[in-house]
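This briefing is written for a reader who is meeting the structure for the first time. Please look over the sequence and the model before reading on, and keep both at hand while following the points below.

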Amino acid sequence: APEWYEYADAMWAFLSDNFPELAEEIEGIAEGADLELGVAQHLSFFNALAPICSACTNLGFTASDRGPLLGKTSDIGDAREIYLLQHVEPDSGYRAFRVSWAGNIWAETGINERGLAVGASSSPVIPGQDGYGMPQHIMMNPVLAQCATVEDALSLMTETNFAGKGQIFALVDEAGNAAVVEKAGDRQGIIEPERNVFCNSNHYVTDALKEFQRDPSQTVSSRERLRWMRETFIEADPQPELSFKALMGALRHEEGDGRLCRKGHLGGHSHYGYLYVCRDRALHLSDGYPCENEFIEHRI
């Protein structure tokens, strides 16, 4: 559609003006894969303009038997076959793991060599945008390359407007600093951990963004997942032990509407699970449904 090209042109102008290294990476993909630049741009931008689905969950602990932890699921469709775990070594910046599709520069989750772990969940769009902003999934790259702490990441994200649909980020660093950031367009809301726990699904809860919601019938899974995480780890009295084992168990939870491991439940498929141990610079990855597969450790 003509509107798509207008938005893509505006996104490209934003990257060229503000993050030229990201524009250069897209140009490199085009050259290396013998693609037209417009095709390479589409591969990296289309996700920002795709419809929001009730998918992906983040749950983390600021303190545990293994230090700060972040758990995440990828609730995706058939695109799982072209997901890659990439080990990125930039010319300037921190080395990192990032998870993305082949052929684009956006990323859904990752951890860098300084122990900063980030997970993202898609969220509703703010209408009336002109497209001049950061395509939401691409924000992960400068965060992982430039930021050593949650404070660094919040500073960078606060000064960066988004384009396309929204994104909810869960961030934690090796010192146990953590935050959930709801972000879309020029709006941003921040949620602090409660009782050493932070979590999010796919709907907004901060005053800055909660007016931008979809039909409640389309957010049943998102609301149920957030309810289960809060009731299980934040509101429970006594609070359960916050441990590596407990977080892995949560990622494997497969019962009830609040299940984090979804196998078609309310339309979601949790094809991958991730558990980050910040102090180890380690990713434990489930290549398949977390409730059915082992988690394999990878270290930067």
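Which residue in E2 is the bridge partner of Phe 61? In this model, which is a predicted one, the bridge partner of Phe 61 in E2 is Leu 69.

- Strand E1 covers residues 57-61, and because 5 of its 5 residues are buried, the strand is largely enclosed by the rest of the structure.
- Thr 57, Leu 59 and Phe 61 point one way from E1, while Asn 58 and Gly 60 point the other way, and the residues of both groups are buried.
- E1 runs antiparallel to strand E2 (residues 69-75), to which it is joined by 5 bridges.
- E1 also pairs in the antiparallel sense with strand E12 (residues 197-200), this time over 4 bridges, and here Gly 60 stands opposite Phe 198.

- With E6 the strand E9 forms an antiparallel pairing over 7 bridges, in which Ala 117 stands opposite Val 172 of E9.
- With E10 the strand E9 is joined by 6 bridges, and the two run antiparallel; in this pairing, Gln 167 has Lys 183 of E10 as its bridge partner.
- The hairpin of E9 and E10 has 5 residues between the strands, and within it Gly 176 takes a positive phi near 90°.
- Gly 176 lies in the loop between strand E9 (166-172) and strand E10 (178-184), and it counts as buried because its relative accessibility is 16%, a value under the 20% cut-off.
- Leaving out residues up to four places away in sequence, Gly 176 touches Thr 62 and Pro 68.
- Gly 176 and Met 134 are 42 residues apart along the chain, and their C-alpha atoms are separated by 27 Å.

**Nonpolar cores**

- In soluble globular proteins, nonpolar side chains tend to be buried together.
- The largest nonpolar core here has 65 residues, of which Leu 15, Phe 45, Met 134, Val 143, Phe 169 and Leu 171 touch the most other members.
- Helix H1 (residues 2-18) gives this core its largest share, which is 6 residues.
- Val 143, when its neighbours within four places in sequence are left aside, is in contact with Asn 112, Leu 116, Val 118, Ala 153, Leu 156, Met 157 and Leu 171.
- Apart from this core lies another, of 21 residues, which include Met 229, Leu 247, Leu 251 and Ala 282.

**Aromatic rings and charges**

- The structure holds 8 aromatic pairs, one of which is formed by Phe 14 and Tyr 132, whose ring centres are 5.3 Å apart and whose planes stand at 85°, so that the pair is edge-to-face.
- Because Phe 14 lies in helix H1 and Tyr 132 in the loop between strand E6 (117-123) and strand E7 (134-135), this pair ties together parts that are 118 residues apart in sequence.
- Phe 14 is buried, with a relative accessible area of 7%, whereas Tyr 132 is partly exposed, at 38%.
- The rings of Trp 228 and Phe 233 also make an edge-to-face pair, with their centres 6.0 Å apart and their planes at 85°; Trp 228 counts as buried at 16% relative accessibility, and Phe 233 counts as buried at 4%.
- Ring pairs link Phe 14, Phe 19 and Tyr 132 into a cluster.
- Arg 66 lies over the face of Phe 244, at 4.6 Å from the ring centre, while the charged end of Lys 183 sits over the ring of Phe 162, 5.4 Å from its centre.

**Ser 286**

- Ser 286 is found in strand E14 (residues 282-287), and with 0% relative accessibility it counts as buried.
- The side chain of Ser 286 reaches the backbone oxygen of Gly 288 at 2.7 Å.
- Not counting residues up to four places away in sequence, Ser 286 touches His 271, Tyr 272, Gly 273, Asn 293, Glu 294 and Phe 295.

Notes: Residues are numbered from 1 along each chain as its sequence is written. This is a predicted model: local features need pLDDT of at least 70, side-chain atom pairs count only at pLDDT 80 or more; totals for chains, interfaces and linings use all residues. Side-chain values use heavy atoms; hydrogens and water are left out. Buried means under 20% relative accessible area, exposed over 50%, partly exposed in between (1.4 Å probe, protein chains only). A polar contact is a pair of N or O atoms within 3.5 Å; within protein, one must be able to donate a hydrogen and the other to accept it, and residues adjacent in sequence count only if both atoms are side-chain atoms. Contact means heavy atoms within 4.5 Å. A nonpolar core is a set of buried Ala, Val, Leu, Ile, Met, Phe, Trp, Tyr and Cys residues joined through side-chain atoms within 4.5 Å. Rings of Phe, Tyr and Trp (its six-membered ring) pair if their centres lie within 6.5 Å; planes under 30 degrees apart count as stacked, over 60 as edge-to-face and the rest as tilted. A charge sits over a ring if NZ of Lys or CZ of Arg is within 6 Å of the ring centre and within 35 degrees of the ring normal. Two strands pair if DSSP finds at least two bridges between them.
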